[in-house]
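Subject: Structure handover

Hello,

I am passing a structure on to you, with notes on what turned up in it. Please open it first, then read on.

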Amino acid sequence: AAPVANTSRPLLTEVAILGGGCFYSLDAVCRQLKGVLQVTSGYAGGHIPSPTHQQVCSGMTGHAEVVQVEFDPCLLSYQQLLQVFLSVH
């Protein structure tokens with residue numbers, strides 16, 4: 001029998017990393033957008049490895065709170081994602 005293609009994920013996805021102060025609300029909003037496949041919250045930049053949330057919030061580590069958004073550009077364009085980001089930021 002011929003192999004069956006996995007159709008659960010699109011063949012082409014894009015990734016955007018958005019920094020917007022606190023990532024909790026941005027994470028929640030992005031998860032509800034049609035076309036978003038995965039949202040991962042974390043930290044970017046900074047000068048200490050593996051900081052805690054409390055350390056990052058102190059402003060002393062140099063990190064920014066970010067969300068990485070993997071999305072299907074056939075269902076959600078980068079411009080649309082940025083419009084949502086700017087409306088909640």
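From the N terminus on, the elements of the protein chain run β-α-β-α-β-α. That makes 3 helices and 3 strands. Please keep in mind that this is a predicted model.

Some overall figures come next. The protein chain has 89 residues, and buried ones make up 28% of them. Take the contacts between residues at least 6 apart in sequence: 65% of them join residues at least 24 apart.

The core

The largest nonpolar core has 14 residues. Which of them touch the most other members? They are Leu18, Val36, Val67, Val69, Phe71 and Leu81. Several elements give two or more residues to this core: strand S1 (14-19), H1, S2, strand S3 (63-71) and helix H3 (78-88).

Leu81 is worth a look. Leave aside its neighbours within four places in sequence. Leu81 is then in contact with Ala16, Leu18, Cys30, Leu33, Val69, Phe71 and Leu76.

Helix H1

H1 covers residues 23-31. Its buried residues are Phe23, Leu26, Asp27 and Cys30. They span an arc of only 105 degrees around the axis, so they sit on the same side of H1. What covers them includes S1, S2, helix H2 (53-57), S3 and H3.

Not counting residues up to four places away in sequence, Asp27 touches Val39, Ser41 and Val67.

Asp27 also has a charged partner. The structure holds 1 salt bridge, and the side chains that meet in a salt bridge are those of Arg31 and Asp27. The N to O distance is 2.5 Å. Side chains of opposite charge can pair when their charged atoms come close. How far apart in helix H1 are Arg31 and Asp27? They are 4 residues apart, which means about one helical turn separates them.

Strand S2

S2 runs over residues 36-45, and Thr40 lies in it. Beyond its neighbours within four places in sequence, Thr40 is in contact with Val66, Val67 and Gln68. Val67 is also touched by Asp27. One more pair to check is Thr40 and Phe23. They are 17 residues apart in sequence. From C-alpha to C-alpha, they are 9.6 Å apart in space.

Leu75 lies in the loop between S3 and H3. Its relative accessibility is 47%, so Leu75 counts as partly exposed. Where does Leu75 make contacts, leaving aside its neighbours within four places in sequence? Its partners are Lys34, Gly35 and Gln80. Leu75 and Lys34 are 41 residues apart along the chain. Their C-alpha atoms are separated by 6.7 Å.

For a quick tour, begin with the salt bridge between Arg31 and Asp27. Go on to Leu81 and its contacts, among them Leu18 and Phe71. Finish at Leu75 in its loop.

Best wishes

Note on methods: Residues are numbered from 1 along each chain as its sequence is written. This is a predicted model: local features need pLDDT of at least 70, side-chain atom pairs count only at pLDDT 80 or more; totals for chains, interfaces and linings use all residues. Side-chain values use heavy atoms; hydrogens and water are left out. Contact means heavy atoms within 4.5 Å. A nonpolar core is a set of buried Ala, Val, Leu, Ile, Met, Phe, Trp, Tyr and Cys residues joined through side-chain atoms within 4.5 Å. Buried means under 20% relative accessible area, exposed over 50%, partly exposed in between (1.4 Å probe, protein chains only). A salt bridge is a side-chain nitrogen of Lys or Arg within 4 Å of a carboxyl oxygen of Asp or Glu. The arc is that of the directions from the helix axis to the C-beta atoms.
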